[in-house]
Each structure stands twice: as C-alpha cells, then as structure tokens.
Amino acid sequence: MSLKSLRTTTLLGALAAIGALSACAPLLITGAVVGGSMIVTDRRTSGAQIEDQAIELKALSRLREVLGERGHVSVTSYGRQALITGEVPTDADKVAVAQAIARIENVQSIVDEVAVMSPTSITSRSNDAIITGKVKASLVDSKDILANAFKVVTERGTVYLMGRVTEREANRAAEVARSVSGVQKVVKVFDIVNEAELADLEPKTAPTKK
C-alpha cells in the first residue's frame, strides 16, 4: 500500500470511529513517536484535528459540485477556520465557492482569498510548493518558535500562516517567512492566544519518580 493510500485509509477509519466514541471517551493526541514516547506537536485538540481533516475532505466534494473542472481552488482548515485559496473564472464562481465551503458542517468561519483570474500554471504551483518547503525549513531553523505549531500555505507567491500562537510567535513567524526568497507577501491567519492560554495548550511533563 502506498503512503498516500495508507494516510487516506487511516483518516477515513478515524472519521468513522469518531462517531462511535462516547463524549467521555479519551482521544489520542496527534504527535510524533520518538524513542517510544509520544511528543505532542499540534496545539489543536484531537477532535478539532479530525474535524479539520473532515472539512478538507468535504470541501473537495463541494468544489467539484460548484466548479467542476473550472478553476483551481484549495481549502485548508485549521481550528475550524477554512482558508480558501486559488483561482476561479468569474465573480459568480467566487461567491458560489465561498457559500459552499461556509455551509460545510463544523466550519466556523472562512477566509476567502480566491482570485478571479485564469488558473495558475503547473510551474507556478510547483514554485509555490518549493516556497512552502523553504518557509517550513526556515521556521525549524529559527529555533525560537515551535515550527510544528504553524501550517503554511502558498498561493501565487503569497504565504498564508495558520496556527494557534501568541502575538510574539505570529510576528516572528511572519518575519521568518518574509525572509524566504520568492515570497511576495505574508498573510497571517492565526488564532491568537495569550501566554497563559499557551501554557494550557502545552503538554504537561509528568513528575520524575525519585
């Protein structure tokens, strides 16, 4: 089984299982396993992560319904906020896309960044993918912020930053992104929290037994 198929199968299984879980049943926090230990790398609740993934999957179907083969649109959800990027041929298509995504279950708000223009070329989209990779690498290299707290989306050289972060983290991430070659503009699409709220989001370390 390919990695893409494995991820799809895992996601669909998780979405099916969520409905069977009772409200009091604990859910696993998404993270990386290092040396047998789970390291939390996402500040969203596990429920919010699954809902965001479901929103993105449902968005694919809604986009096919309202656009068909016209245009090029992507939806990225973080904390139930849906960022819509890409290109559509008419103003009517732009309105239809925004309305369709806003009606998806659990979408709390949308950020409509769709442009009315011809779809970008494969070369342009490849360049955007390269920029996204460079921004992610630069966030890791910065050392003074948690790179995994950010989601990065690039469209036509504009970098969109998403995540649950403090004002300091938001400004620092934007500064890092702006320094990357090829970046034309940085747009912050953050859920801003204060330092006290951030402390509650961070994983608690169990006391060491003596």
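1. Confidence. The model is predicted. The protein chain has an average pLDDT of 84, and 77% of the residues score at least 70.

2. Of the eight residues of strand β4 (residues 81–88), seven are buried, so the strand is largely enclosed by the rest of the structure. Strand β3 (residues 72–78) pairs with β4 in the antiparallel sense over seven bridges, and Val-75 has Ile-84 in β4 as its bridge partner. Two residues separate β3 and β4 in this hairpin, and Gly-79 in the turn has a positive phi of about 60°.

3. From β4 to β5. These two strands run parallel and are joined by eight bridges; Gln-81 stands opposite Ser-109 in β5. Between β4 and β5 the chain passes through helix α3 (residues 91–102), in a β-α-β crossover that is right-handed.

4. In soluble globular proteins, nonpolar side chains tend to be buried together. In this model, the largest nonpolar core has 20 residues, and those with the most contacts inside it include Val-135, Leu-139, Phe-150 and Val-159. Two or more residues come from each of α4, β7 (158–165), α5 (167–178) and β8, and α5 gives the most, with five. A second, separate core of 14 residues includes Ile-55, Ala-59, Leu-67 and Val-107.

5. The aromatic pair. How many aromatic pairs does a search of the whole structure find? The search finds one: Phe-150 and Phe-190 lie edge-to-face, 5.8 Å centre to centre with 75° between the planes. Phe-150 is in the loop between α4 and β6 (151–155), while Phe-190 is in strand β8 (residues 185–192), so that the pair links parts of the chain 40 residues apart. Both residues are buried.

6. Thr-120. This residue is found in the loop between β5 (109–116) and α4 (122–142). Is Thr-120 buried or exposed? Thr-120 is buried, because its relative accessible area is 11%, under the 20% cut-off. Leaving aside neighbours within four places in sequence, Thr-120 is in contact with His-72, Glu-87, Arg-125, Glu-155 and Arg-156.

Terms used. Residues numbered from 1 in each chain as written. Predicted model: local features only at pLDDT ≥ 70, side-chain atom pairs only at ≥ 80, totals over all residues. Heavy atoms only, no water. Helix = DSSP H or I, 4+ residues; strand = E, 2+ residues; numbered from the N terminus. Buried < 20%, exposed > 50% of the residue type's maximum accessible area, 1.4 Å probe, protein only. Contact = heavy atoms within 4.5 Å. Phe/Tyr/Trp six-rings, centres within 6.5 Å; stacked < 30°, edge-to-face > 60°. pLDDT = per-residue confidence, 0-100. Core = buried A, V, L, I, M, F, W, Y, C linked by side-chain atoms within 4.5 Å. Pairing = 2+ DSSP bridges. Right-handed = clockwise from strand over helix to strand, strands pointing away.
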